[in-house]
Amino acid sequence: MKRVGSILFILLMIALIMEAALAISVAGTDNNGAEEMTLDAGKKGAVWFPHRQHQDNLGDCMHCHSVFPKEAGAIQKMKAEGALKKKQVMKKVCLSCHRKMKKMKKPAGPTSCKKCHRKK
Ligand code: HEC
Ligand code: HEC
Ligand code: HEC
């Protein structure tokens with residue numbers, strides 16, 4: 001009886017370890033993307049974008065990813081295909097939120113051209 005008990009115990013431990021390993025690998029597949037990025041804006045000059053800071057402050061991915069998918073180069077691709085107009089993300093996503101926050105006298109991001117567009 002004692003031996004059966006210890007075999008069962010070992011099997012239980014193996015099951016627990018496998019479950020923990022699975023939980024870790026599932027957590028590891030959550031892709032939050034790059035911490036910081038540089039967004040292409042043609043001749044106007046690239047735009048520095050602190051991605052993680054926005055994720056932490058805003059909480060909801062959909063503020064931006066309802067407009068374009070969670071893929072590097074997604075905005076460029078959609079602009080090239082005509083699915084997004086030039087400046088559409090800038091106006092409807094970035095600027096509209098920064099302006100709204102400013103109006104509410106809350107910490108806001110830049111609203112002036114030069115603060116976002118940095119000449120190459
Ligand atoms: C304030 C806007 C904004 C928010 C909020 C946001 N993202 Fe993003 N995300 C972007 C932009 C901009 C890009 C770059 C798209 C491009 O390259 O065209 C991007 C790209 C990505 C990418 C692909 C690029 C990479 O580095 O792998 C992933 C993955 C991603 N985001 C995940 C998330 C997740 C998960 C959340 C929510 C926790 C989130 N994002 C919230 C703006 C945002
Ligand atoms: C909060 C940051 C931000 C501010 C402020 C901002 N822009 Fe932008 N701008 C962007 C981003 C990001 C893009 C790329 C995405 C897009 O085209 O919507 C862009 C794209 C553009 C483009 C299109 C470039 C191309 O060839 O596709 C032009 C032109 C432009 N901006 C001009 C301006 C002008 C003029 C101002 C000031 C009135 C301004 N931007 C203010 C972030 C900003
Ligand atoms: C839903 C709201 C929201 C959206 C969408 C958003 N931002 Fe912001 N952004 C903020 C807020 C709030 C801050 C100020 C955070 C702080 O000061 O703690 C900020 C700050 C910034 C800063 C200044 C960061 C610093 O540390 O100096 C930049 C640059 C910026 N945003 C760029 C962008 C660009 C580019 C986009 C579009 C791709 C964008 N943001 C979209 C809310 C937003």
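Ala, Val, Leu, Ile, Met, Phe, Trp, Tyr, Cys and Pro count here as nonpolar, Asp, Glu, Lys and Arg as charged, and the others, Gly among them, as polar. By that scheme, the shell around ligand 1 divides into 10 nonpolar, 10 polar and 2 charged residues.

## Model and numbering

This is a predicted model: local features need pLDDT of at least 70, side-chain atom pairs count only at pLDDT 80 or more, and totals for chains, interfaces and linings use all residues. Residues are numbered from 1 along each chain as its sequence is written, while chains are lettered from A and ligands numbered from 1 in the order in which they are written.

## Overall build

The protein has 6 helices and 2 strands. Helices (H or I, at least four residues) and strands (E, at least two) are DSSP runs, numbered from the N terminus. Along the sequence the pattern reads α-β-β-α-α-α-α-α.

Of the 120 residues, 3% count as buried. A residue is buried if 20 or more other C-beta atoms lie within 10 Å of its own, exposed if 12 or fewer, and partly exposed in between; C-beta atoms are placed from the backbone. Helix H2 (residues 51-58) is hardly covered, with 0 buried residues among its 8. Gly59 follows H2 and has a positive phi, near 80°.

Two residues are in contact if their C-beta atoms, placed from the backbone, lie within 7 Å. Among contacts with a separation of 6 or more, 32% join residues 24 or more positions apart.

## Ligand 1

A residue is near a molecule if its C-beta atom, placed from the backbone, lies within 6 Å of it. Ligand 1 is surrounded by 22 residues, and the closest are Gly33, Ala34, Cys61, Cys64 and Ile75. Strand E1 (37-39), H2, H3 and H4 each supply at least two residues of this shell. H2 provides the largest share, 4 residues.

## Ligand 2

Ligand 2 has 22 residues around it; Gly42, Val89, Met90, Cys113 and Cys116 come nearest. H5 and helix H6 (113-116) each supply at least two. H5 gives the most, with 6 residues. By class, the shell around ligand 2 holds 11 nonpolar, 7 polar and 4 charged residues.

## Ligand 3

Around ligand 3 there are 20 residues, of which His63, Cys94, Cys97, Pro107 and Gly109 come nearest. Strand E2 (47-49), H2, helix H3 (62-65) and helix H5 (88-103) are the elements that give two or more residues to the shell. The largest share, 6 residues, comes from H5. The shell around ligand 3 has 15 nonpolar, 5 polar and no charged residues.

## Met78

Met78 sits in helix H4 (residues 74-81). Met78 counts as partly exposed because 18 C-beta neighbours lie inside 10 Å. Leaving aside neighbours within four places in sequence, Met78 is in contact with Phe68, Ala83 and Leu84. Met78 and Phe68 are 10 residues apart in sequence and 7.9 Å apart in space, C-alpha to C-alpha.

## Two lysines with positive phi

Most residues other than glycine have a negative phi. Lys87 has a positive phi of about 70° although it is not a glycine. Lys87 is found in the loop between H4 and H5. Lys87 has 13 other C-beta atoms within 10 Å, so Lys87 is partly exposed.

Lys105 also has a positive phi, near 60°. Lys105 lies in the loop between H5 and H6. With 7 other C-beta atoms within 10 Å, Lys105 is exposed.
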